[in-house]
Amino acid sequence: MPAITKGNQKAIYALCASFLVALLAIFGLGQNLNTILKTWLLVVAISIFLFAAIHLLGLRKDGHFARDMLTRSVIIKLICYGIIIYLLGLFLGFNRGYSITSTQNFFANFLPTLILTIVIELLRYIIVAPINKTKPAVVIFTTLTCITYLFINLSNSVPQTAEQLFIFTSTIFLPILARESLSSFIVYRVGLLPNLVYRLSILLYPYLIPIVPNLGDYLYAVTNLILPFTIMLSVIKYSGVEYENGRGKRPSYIAIIIPILVTAIILTVLTAGIFRHQLIAIASNSMLPTFARGDAVLIEKLDASEIKIGDILVFRKDSRIVTHRAISMELREGEYYFTTQGDANDDPDAVEVNGREVIGRVDLVGKFIGYPTVWLKEIFNKGK
């Protein structure tokens with residue numbers, strides 16, 4: 001492989017600039033083209049850039065000493081990720097995957113996705129891996145791949161409202177940013193193989209497995225941020241080994257990052273309400289002084305028959321979740337009915353709560369940590 005010279009670096013920047021021009025031409029000027037045709041045009045364009053990069057820069061051997069160790073670690077994390085999301089699917093349900101037995105799905109979705117993934121990752125390996133400490137090219141190429149996948153997703157639908165923009169940012173943009181940053185980090189620190197295993201597994205499993213978990217927007221976004229984060233730990237672990245006189249030294253990132261990861265997982269499970277307890281934000285001051293707007297409460301999911309007078313009842317009313325105290329209860333024709341009242345209110349609520357509307361009762365209060373959720377809801381509800 002040619003040495004990394006100023007001429008090679010200029011070739012890298014020229015390839016990146018041409019890549020950007022091709023993206024703008026395909027997705028900007030070709031507005032009348034459908035998404036499938038745009039994707040195939042992108043496959044052809046990037047394949048041309050790949051051959052140009054091989055001609056200009058060569059294709060070095062993927063032989064980093066940590067390659068096999070990291071690849072095994074990535075496979076283990078992908079298996080654990082698959083087990084976790086399919087266990088979540090037992091609680092949240094499943095959707096059908098993209099069947100590749102259908103000719104249309106095969107040529108319109110699976111095949112272009114497969115080819116595009118391989119071509120982009122080979123191009124990433126040629127541009128990112130051999131540049132040593134020239135980090136601007138890593139940032140530039142990562143930005144270009146982020147733009148590529150954003151354009152592909154925006155071809156299907158463009159966010160129109162603040163809420164749609166927030167959902168797009170959390171479920172599309174942030175996972176793409178995490179995924180592309182991780183891929184460049186893997187290639188820059190170790191090489192092609194572990195990254196290719198990661199990318200093909202993540203992008204192609206919906207086509208190869210008949211059913212996929214229906215995680216919803218929130219859990220989908222979180223799991224697609226946690227997985228790259230955990231793989232990044234392995235990259236740091238294995239690529240950070242420095243060999244001196246046959247002994248390995250590893251940087252101590254784990255002690256800092258693991259507690260953050262565990263906390264994020266716990267908060268995710270609590271907020272999603274998958275198990276018996278759930279964390280929700282309080283949007284009003286009707287329960288002062290017990291808790292206030294912006295607080296978060298941990299609720300225990302219970303049947304109506306388990307509620308006692310004096311408990312702070314959590315129930316659904318007109319698509320809203322309300323937390324008021326149960327001041328009386330009555331069993332009529334086999335169903336429980338509750339009279340509720342906010343601690344800050346002078347009068348009981350006008351409408352009774354049916355037992356079928358009961359979610360559970362408040363167990364624990366956390367001050368102020370629910371404010372981000374409250375503010376987002378207020379922003380999205382403006383103008384409705």
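Mentor: Buried means under 20% relative accessible area, exposed over 50%, and partly exposed in between, with a 1.4 Å probe and protein chains only. This is a predicted model, where local features need pLDDT of at least 70, side-chain atom pairs count only at pLDDT 80 or more, and totals for chains, interfaces and linings use all residues. Residues are numbered from 1 along each chain as its sequence is written, and side-chain values use heavy atoms, with hydrogens and water left out.

Trainee: Why is E333 called exposed?

Mentor: E333 has 86% relative accessibility, so E333 counts as exposed; the cut-off is over 50%. E333 sits in the loop between strand 8 (320–332) and strand 9 (335–341). Helices (H or I, at least four residues) and strands (E, at least two) are DSSP runs, numbered from the N terminus. E333 also has a positive phi of about 50°, although it is not a glycine.

Trainee: Why is L87 called partly exposed?

Mentor: Its value is 47% relative accessibility, so L87 counts as partly exposed. L87 lies in helix 3 (residues 67–92).

Trainee: What makes the nonpolar surface patch that includes L87?

Mentor: I75, I79, I83 and L87 make it, with an area of about 360 Å². Patch residues have over 30% relative accessible area and no salt bridge; like charges are joined within 9 Å, nonpolar side chains (Val, Leu, Ile, Met, Phe, Trp, Tyr) within 5 Å. A salt bridge is a side-chain nitrogen of Lys or Arg within 4 Å of a carboxyl oxygen of Asp or Glu.

Trainee: Why is the pair of F110 and Y207 called edge-to-face?

Mentor: Six aromatic pairs are counted in total. F110 and Y207 form one of them, 5.9 Å centre to centre with 65° between the planes. Rings of Phe, Tyr and Trp (its six-membered ring) pair if their centres lie within 6.5 Å; planes under 30 degrees apart count as stacked, over 60 as edge-to-face and the rest as tilted. So the pair is edge-to-face.

Trainee: Which parts of the chain does this pair link?

Mentor: Distant ones: F110 is in helix 4 (residues 103–128) and Y207 in helix 7 (residues 193–208), 97 residues apart. Ring pairs also link F106, F107, F110 and Y207 into a cluster.

Trainee: Are F110 and Y207 buried or exposed?

Mentor: F110 is buried at 10% relative accessibility. Y207 is buried too, with a relative accessible area of 13%.

Definitions and conventions: Accessible areas come from the Shrake-Rupley method with a 1.4 Å probe; for residues, only the protein chains shown count as cover.
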